[in-house]
Amino acid sequence: MTVYILCFAVLLIGIYGVLVKRDLIKIILALGIMGYATNLMIILFAYRKGGHYPILEKGREVTAMVDPLPQALILTSIVIELGITAMLVALAIRLYQKYQTFDITKIRRLSG
Amino acid sequence: MNHSNGMTLIVRTVTRLSVWLIFLYGIYIILHGHLSPGGGFAGGVIIALGFLNVMLAYGRGFIQRWLNIDFMKDIEASMAALFLAVGILGISFGGGFLANFLSKGALFRLLSGGTIPILNILIGLKVAMALFVVVWTLAIMHLEEGGQE
Amino acid sequence: MILPFFVIIPLLAAFLIALISGDREDWAAILSILSVIILLVLSVYGFFALSETTSIYEMGGWQVGHWKLPVTILLVQDALSAFVLMVVSIIALAALIFAVQYIRHKNPTWKFYALFMLMVTGMNGVIITGDIFNLYVFMEIALFAAYALVAFGGQAEEYEAAFKYAVMGSISSTLILVGIGVLYSATSTLTIARIAELLPGLSPSLTYWVGGIFIAGFGLKAATMPFHAWLPDAHSSAPAPISAMLSGVLIKALGIYVLIRLFFNMFADYPVFKTIFLILGSISILIGSFLALGQWDFKRLLAYSSISQVGYILLGLGLGTYWGVLGAAFHLFNHALFKALLFLNAGSVEVALGTRNLKEMGKLNRIMPVTSATSMVASLSISGIPPFNGFFSKLIIIIAAVQAGLPFYALVAVVGSLLTLAYFMKVQRYGFYGEKIHDQVDTPIGYGMKTAMLLLAVLCIVTSLMVIPGVLEKTLDPIANVILNRAEYIHSVLGR
């Protein structure tokens with residue numbers, strides 16, 4: 001139970017980072033932290049007591065294994081977040097070229 | 001230190017000796033994707049990071065002379081199209097989209113598992129090329145100049 | 001089985017466009033228009049011929065009974081999916097025909113077409129999937145292409161709007177992934193029909209938690225009221241065909257369709273969710289309309305109007321009766337048509353005159369006849385004037401609210417309709433029929449743009465025929481039945 005509470009704490013740290021920090025790069029890093037927390041939580045759901053890793057090997061009997069499906073899920077999720085982070089970084093570079101700052105309180109031409 | 005010229009002599013020598021091992025390790029992970037953890041995506045990332053290692057140690061100018069970035073973009077798009085072609089072949093052989101239509105082979109051998117090793121290789125090459133082209137494009141955007149597309 | 005082709009065709013088109021068009025940009029346009037025409041033909045066939053039955057396709061040929069694995073990835077098509085697929089294809093075709101001239105002066109144009117095809121792939125995938133993690137993956141594909149397309153023009157405001165949209169979209173996607181994880185750990189399956197079977201046996205607090213997470217996550221994608229802050233910037237800064245696609249179909253295929261699928265077909269019947277939909281819908285209608293009244297930028301006004309019209313759809317869904325759901329589905333189609341048409345009008349004014357400000361667009365009905373006529377058609381439709389289609393869908397929602405014994409929400413809908421009429425009369429008075437400012441256009445608009453606008457305007461008039469009682473049985477009636485009938489969905493997907 002404590003591992004899930006720690007996972008939730010990491011998610012809250014990520015949300016704090018996105019809401020409070022003013023630097024564009026720190027916002028991107030905080031989104032990454034939120035992604036790590038979510039992937040960790042899904043992996044932790046896969047654990048079975050006394051289970052072994054889910055790979056068949058030569059000369060070992062098939063005993064209880066942990067659940068392999070969430071491992072495939074988080075692999076996909078990590079790839080998606082890699083793509084989103086790459087695009088956010090490219091957008092941040094372009095924003096610096098246009099506005100000459102990384103501070104989001106100064107990037108405010110659209111309002112109303 | 002001029003950033004587009006790379007790093008010191010020690011870094012360059014060690015890179016020249018060890019980057020081939022990184023590529024070999026990445027290819028091993030891709031090929032054994034159906035037998036041990038890893039597979040297409042993990043191996044592709046390792047190969048892309050090998051290229052990134054060379055770019056950091058030797059500078060952008062060297063990469064522009066050594067590698068052909070347009071060819072990498074072509075490989076990436078064609079690997080994706082080939083993945084879809086394997087999927088469509090799965091439809092025409094009965095079964096559904098992406099069905100496993102080659103013979104499954106014996107357990108624990110390298111040439112087993114039907115279409116899975118082929119898909120692993122396609123994904124591995126695509127991810128390697130795509131990741132390095134993305135990193136290259138981010139590296140040649142200059143922070144100081146403004147206003148261009 | 002034609003189901004996987006809805007995803008294969010645009011994906012293949014996207015990769016082929018990236019391969020074959022180095023310098024020749026015509027190939028990209030031809031390939032993408034060809035693939036969208038094929039999609040349109042397939043989806044119209046699917047809607048008119050196959051919407052009585054529910055067809056299922058297992059990917060990879062993994063049948064559930066065949067092996068010992070309880071894992072399968074399903075694609076499901078029933079009447080609701082066929083309907084939304086048709087909407088997506090129509091709007092995509094119109095936006096593509098418009099975009100051929102609009103994008104010509106921006107560099108490199110093949111990237112636009114490849115990203116557009118990826119967005120269509122993602123939306124089609126979300127609509128036909130029967131598996132909840134597959135839904136997440138396709139949703140991320142569509143959103144990724146949308147973030148990149150919002151930033152396509154190269155001006156400063158577009159990058160800022162795209163960054164805001166990307167950050168808020170990523171937070172909501174992470175929340176949705178948390179919800180999917182919790183749902184998987186409780187039921188150990190990912191197929192939506194199987195979760196629907198297992199959920200009533202678990203504790204209700206699980207349903208409340210996961211339902212709340214999903215309303216927050218998918219509500220941000222659908223731009224309901226507390227989560228709407230990204231929409232005015234993103235939809236007003238994007239290029240015009242992309243605004244038409246985003247406001248016309250993306251917020252509906254990714255937001256409203258998924259909410260319908262999850263809350264009507266997967267979760268059991270809890271009245272608290274319907275109350276939440278009613279409240280969020282009515283807040284969206286009122287505040288969206290009030291905020292749109294004060295805008296002088298044409299596209300920003302249209303973006304706020306989108307928020308308010310999506311509120312109508314949520315209000316219809318929250319009523320939960322047969323007529324409410326039918327009115328909501330019909331309004332989904334209508335709003336896609338006339339909002340896309342309005343955004344294409346804004347784009348053509350921008351190309352012809354170079355401005356988006358209502359005070360600078362003078363008396364345009366002499367110099368731009370097609371644009372003014374189609375914008376008058378669209379404004380009358382969205383305000384709810386008979387015989388255009390907006391009148392029928394809003395009337396059905398209002399009557400359904402009165403019939404369900406909730407006259408307060410009917411009053412909200414009527415007030416919203418009056419406010420919509422007010423700000424569209426403002427658009428027409430200042431933008432198209434006011435004092436004369438311009439004597440001629442700077443750049444004449446071509447045949448492609450005129451064709452796209454005329455196509456959507458004709459469809460605005462024709463779709464009001466869908467409410468005639470003979471036609472209603474065939475087209476809209478199966479949709480409402482599919483939405484309301486949860487046991488039927490489980491039975492036809494799982495076969496038991």
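This is a predicted model: local features need pLDDT of at least 70, side-chain atom pairs count only at pLDDT 80 or more; totals for chains, interfaces and linings use all residues.
## Fold of chain B

Read from the N terminus, the order of elements in chain B is α-α-α-α-α.

Chain B has 149 residues, of which 29% are buried. Considering contacts in chain B between residues at least 6 apart in sequence, 66% link residues that are at least 24 apart.

## Contact between chains A and C

Chain A and chain C each take part in their contact, with 27 residues from chain A and 27 residues from chain C. On the side of chain A that touches chain C, the elements giving two or more residues are helix 2 (24-44) and helix 3 (69-99) of chain A. Helix 3 of chain A gives the most to this side, with 15 residues.

Sorted by class, the side of chain A that touches chain C holds 19 nonpolar residues, along with five polar and three charged ones.

## Confidence in chain A

The mean pLDDT of chain A is 86, and 95% of the residues in chain A reach 70 or more. Within chain A, confidence is highest in helix 2 of chain A, at a mean of 93, and lowest in helix 3 of chain A, at 89. Helix 3 of chain A is also the element that gives the most to the side touching chain C.

Technical notes: Residues are numbered from 1 along each chain as its sequence is written. Chains are lettered from A and ligands numbered from 1 in the order in which they are written. Two residues are in contact if their C-beta atoms, placed from the backbone, lie within 7 Å. Helices (H or I, at least four residues) and strands (E, at least two) are DSSP runs, numbered from the N terminus. Ala, Val, Leu, Ile, Met, Phe, Trp, Tyr, Cys and Pro count as nonpolar, Asp, Glu, Lys and Arg as charged, and the others, Gly among them, as polar. A residue is buried if 20 or more other C-beta atoms lie within 10 Å of its own, exposed if 12 or fewer, and partly exposed in between; C-beta atoms are placed from the backbone. pLDDT is the predictor's confidence in each residue, from 0 to 100.
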